[in-house]
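Thank you all for coming, and please bring up the sequence and the model on your own screens so that we can walk through them together.

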Amino acid sequence: MCIKDVLVSAPMATISTPAFRTLLEELGGCDLYGSEMINAASLLTGGPFESYYLMGDPVPEKLVHQLVGGDVETLWKAAEYLDRIPGFGIDLNMGCSAPEIIRAGGGIRWMRSISDARRLLAGTRARVKRKLLSVKLRLGEREDPEYLLSFCQALVQEGIDFLTLHPRTRKDKFGRFARWEYVALLKKHLSVPVIGNGDVRSYEDYCRVRERYHPDGVMIGRAAVRAPWIFAYIRYKEKKALPQNPFTVNLHEIALRFLDLLPRYQPKEFLESRAKRFFKYFSENLFFGHQFFTQVWNASGWEEIRTIVDGYFSLHPEEVVRVMG
């Protein structure tokens, strides 16, 4: 696949499960899917849930497995393992700002040292021979365009095939808008494709970042959980479909389909937490979404969530079908 004008589903912990990816694909899909974060050490020691993280469904040739960890040799071995199983690529997480990930030396911690990042990438590239190798990163500890560019140029020199930038610093929360001008900066100076991630919530947002910053791809995360049809809708709008063929989704059916898919792809220990994470965002579609999600959050088991979904749409049939131009 050529990394050009691609739509990418972001790797999101507890969300980017095979069940969620399958839902996206059934609604029209995107060009690449990120997996949940795979802990390199747990992968090598045979953690009880690692097989669920490794599943390639629904389309293995579109899947990028994302690795996280703080030990160089462990990440090398984990990448070598992933290179032998079906998939499109392997992504090294250099952007996660979760405190527990940073304490373990992973995520954005790698951005503190260009030399450490070089060593990690050099060894990984030597071991990853079948798949594309990428890095997902943030701006770093602070805004410093010169350092960011130097860091990314080092990654390119060590052989990455593309990178994804979420242009926020470690301390930035989602309340501050992503600075897409940094995506444009990397695009201008790097010889590999650059994908941008952050604050793309609609077709209009997608058009804006494409026209202003010219990324090689756009990654969407939370907005795709809220609206799993967003990738299909973007492609629909790009085709300039005729008004007599409106884009239509059935919210009730989508919610139930996700619940049907979940036990196929997740251990029973994860069903309740994964369902609640999904509906945290999906409930934003509903007029009484806060009330709906409160019920979901207080459900005593994941099976009860189906009853809550059916009950909501029985009371509010006007919200079942959404028609978009």
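Predicted model: local features only at pLDDT ≥ 70, side-chain atom pairs only at ≥ 80, totals over all residues.

Is Ile308 buried or exposed? At 10% relative accessibility it counts as buried, and, leaving aside residues up to four places away in sequence, Ile308 touches Phe292, Gln295, Val296 and Ala299. To give a sense of distance across the model, the C-alpha atoms of Ile308 and Ser113 are separated by 49 Å, and these two residues are 195 residues apart along the chain.

Now let us look at the helix that holds this residue. Helix α15 runs over residues 302-315, which makes 14 residues, and from its first C-alpha to its last it reaches 21 Å, close to the 20 Å expected at 1.5 Å a residue. Which residues of α15 are buried? They are Trp302, Ile305, Ile308, Val309, Tyr312 and Phe313. When you look down the axis of α15, these buried residues fall within an arc of 120 degrees, so they line one face of the helix. On the other side of α15 you will find Glu303, Thr307, Ser314 and Leu315, which are exposed. As for what covers the buried residues of α15, this includes α12 (251-265), α13 (271-282) and α14 (289-297).

In α14 the buried residues are Gly289, Phe292, Phe293 and Val296. Around the axis they cover an arc of only 95 degrees, which puts them on the same side of α14. The face of α14 turned away from that buried side carries the exposed residues His290 and Gln291, while the buried residues of α14 pack against α13 and α15.

Let me move to a strand. Gln66 lies in strand β3, and with a relative accessible area of 2% it is buried. What does Gln66 touch, once residues up to four places away in sequence are set aside? The answer is Pro11, Ser35, Glu36, Met37, Ile38, Asp91, Asn93 and Lys136.

The peptide bond from Asp57 to Pro58 is cis, with omega near 5 degrees, and Pro58 lies in the loop between α3 (50-54) and β3 (63-68). Asp199 is not a glycine, and yet it has a positive phi of about 65 degrees; its place is in the loop between β7 (194-197) and α9 (203-213), and at 9% relative accessibility Asp199 counts as buried. His214, likewise not a glycine, has a positive phi of about 55 degrees, and its place is in the loop between α9 and β8 (217-220). His214 is partly exposed, with a relative accessible area of 47%.

I would also like to say something about the cysteines. How many disulfides does a search of the whole structure find? It finds zero. For Cys30, the closest cysteine sulfur is that of Cys2, and because the two sulfurs are 16 Å apart, they are too far for a bond. For Cys96, the closest cysteine sulfur is in Cys152, at 17 Å, which is again too far for a bond. Cys30 counts as buried at 5% relative accessibility, and Cys96 counts as buried at 17%.

Finally, let us step back to the protein chain as a whole. There are 15 helices and 10 strands in it. The radius of gyration is 20 Å, close to the 20 Å that the globule rule gives for 325 residues, so the chain is as compact as a globular protein of that length. Along its principal axes, the C-alpha trace spans about 60 × 45 × 35 Å. Of the 325 residues, 57% count as buried, and the chain exposes about 14,300 Å², of which carbon and sulfur atoms supply 52%. Among contacts between residues at least 6 apart in sequence, 71% join residues at least 24 apart.

Methods: Residues numbered from 1 in each chain as written. Heavy atoms only, no water. Disulfide = S-S within 2.5 Å. Buried < 20%, exposed > 50% of the residue type's maximum accessible area, 1.4 Å probe, protein only. Helix = DSSP H or I, 4+ residues; strand = E, 2+ residues; numbered from the N terminus. Expected span 1.5 Å × (residues − 1). Arc of directions from axis to C-beta. Contact = heavy atoms within 4.5 Å. Rg over C-alpha atoms; globule rule 2.2 N^0.38 Å. Areas by Shrake-Rupley, 256 points an atom, 1.4 Å probe, with all protein chains shown as cover.
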